[in-house]
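Q: Could we go through this structure together? I would like to take it residue by residue, with the cut-offs stated as we go.

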Amino acid sequence: MTMVEAVSMPNEHVFVPGGENSRSFRNALGAFTTGVTVVTATTADGPIGITVNSFASVSLDPPLVLWSPAKSSSRHTAFNDATHFAIHVLSADQDSLSMRFVKSGRAFDDLAWETNAEGVPVIPGTLARFECRRSVAHDAGDHTIIIGEVLRAAHRDGDPLCFSGGTFGRFSKQ
């Protein structure tokens, strides 16, 4: 096996992640465009929500999805302890819905929402929704990976809200 030296482009910043390079690492991660979701659950104090972009499909059979709350979030414990949750995929025109749950987990005032059979708040009108039962959680550095079994799902036509480089955008079909 031959070792090949990494080739870098003239304007490329090559670095080792960690310590003084944490901002560079975040910038590199920000180059990957993601969708935007709001995850909801129920606590003893009422409904709670959080905006996340760490959502991914895991398995079709059984139907599993994952998301990853930051341990530094004041809402981490509530979501880590939740037995059921809903993941709402936002459409391109729902950036204001995203922002209300960035600022506060208790942003349900003046918002249309319902409670599903498991007592989880669901927000109608999002691009897609996955109503889940917690399957397992894994420690993952400064985050927890929460895997949920999808009990019900819904979707509608529309364009997704995208996030890249610290800003919202929309997907453009070619």
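Q: To begin, where does Asn-21 lie?
A: Asn-21 lies in the segment before α1 (22-29); helices (H or I, at least four residues) and strands (E, at least two) are DSSP runs, numbered from the N terminus. The model is predicted, so local features need pLDDT of at least 70 and side-chain atom pairs count only at pLDDT 80 or more, while totals for chains, interfaces and linings use all residues. Residues are numbered from 1 along each chain as its sequence is written, and side-chain values use heavy atoms, with hydrogens and water left out.

Q: Is Asn-21 buried or exposed?
A: Asn-21 has a relative accessible area of 16%, so the residue is buried. Buried means under 20% relative accessible area, exposed over 50%, and partly exposed in between (1.4 Å probe, protein chains only).

Q: And what does Asn-21 touch?
A: Not counting residues up to four places away in sequence, Asn-21 touches Phe-15 and Val-16. Contact means heavy atoms within 4.5 Å.

Q: Changing topic: which residues touch the most other members in the largest nonpolar core?
A: They are Val-39, Trp-67, Phe-79, Phe-85, Ile-87 and Phe-130, in a core of 18 residues. A nonpolar core is a set of buried Ala, Val, Leu, Ile, Met, Phe, Trp, Tyr and Cys residues joined through side-chain atoms within 4.5 Å.

Q: Which elements give two or more residues to this core?
A: The elements are β2 (37-43), β3 (46-52), β5 (64-67), β6 (84-89), β9 (128-140) and β10 (143-155). A second, separate core has 10 residues, including Val-38, Leu-97, Phe-101 and Phe-108.

Q: What is Trp-67 in contact with?
A: Beyond its neighbours within four places in sequence, the contacts of Trp-67 include Val-39, Ile-50, Phe-79, Phe-85, Ile-87 and Ile-146. Trp-67, Phe-79 and Phe-85 also form one aromatic cluster.

Q: How many aromatic pairs does the structure hold?
A: It holds 6 aromatic pairs. Rings of Phe, Tyr and Trp (its six-membered ring) pair if their centres lie within 6.5 Å; planes under 30 degrees apart count as stacked, over 60 as edge-to-face and the rest as tilted.

Q: Why is the pair of Phe-101 and Phe-108 edge-to-face?
A: Their ring planes are at 70°, with the centres 5.1 Å apart, so the pair is edge-to-face. Both Phe-101 and Phe-108 are buried.

Q: Moving to His-88, where is its place?
A: His-88 is in strand β6. With 0% relative accessibility, His-88 counts as buried.

Q: What does the side chain of His-88 reach?
A: The side chain of His-88 reaches the backbone nitrogen of Ile-123 at 3.0 Å.

Q: What is the strand order in the open sheet?
A: The 3 strands run in the order β1-β11-β12, with antiparallel pairing. Two strands pair if DSSP finds at least two bridges between them. The edge strands are β1 (34-35) and β12 (167-170), each pairing on one side only.

Q: How many bridges join β1 to β11?
A: There are 2 bridges between β1 and β11 (residues 161-164). Phe-163 in β11 is the bridge partner of Thr-34.

Q: Lastly, how many disulfides are found?
A: A search of the whole structure finds 0 disulfides, a disulfide being a pair of cysteine sulfur atoms within 2.5 Å. Cys-132 counts as buried at 1% relative accessibility, and Cys-162 counts as buried at 12%.

Technical notes:
A polar contact is a pair of N or O atoms within 3.5 Å; within protein, one must be able to donate a hydrogen and the other to accept it, and residues adjacent in sequence count only if both atoms are side-chain atoms.
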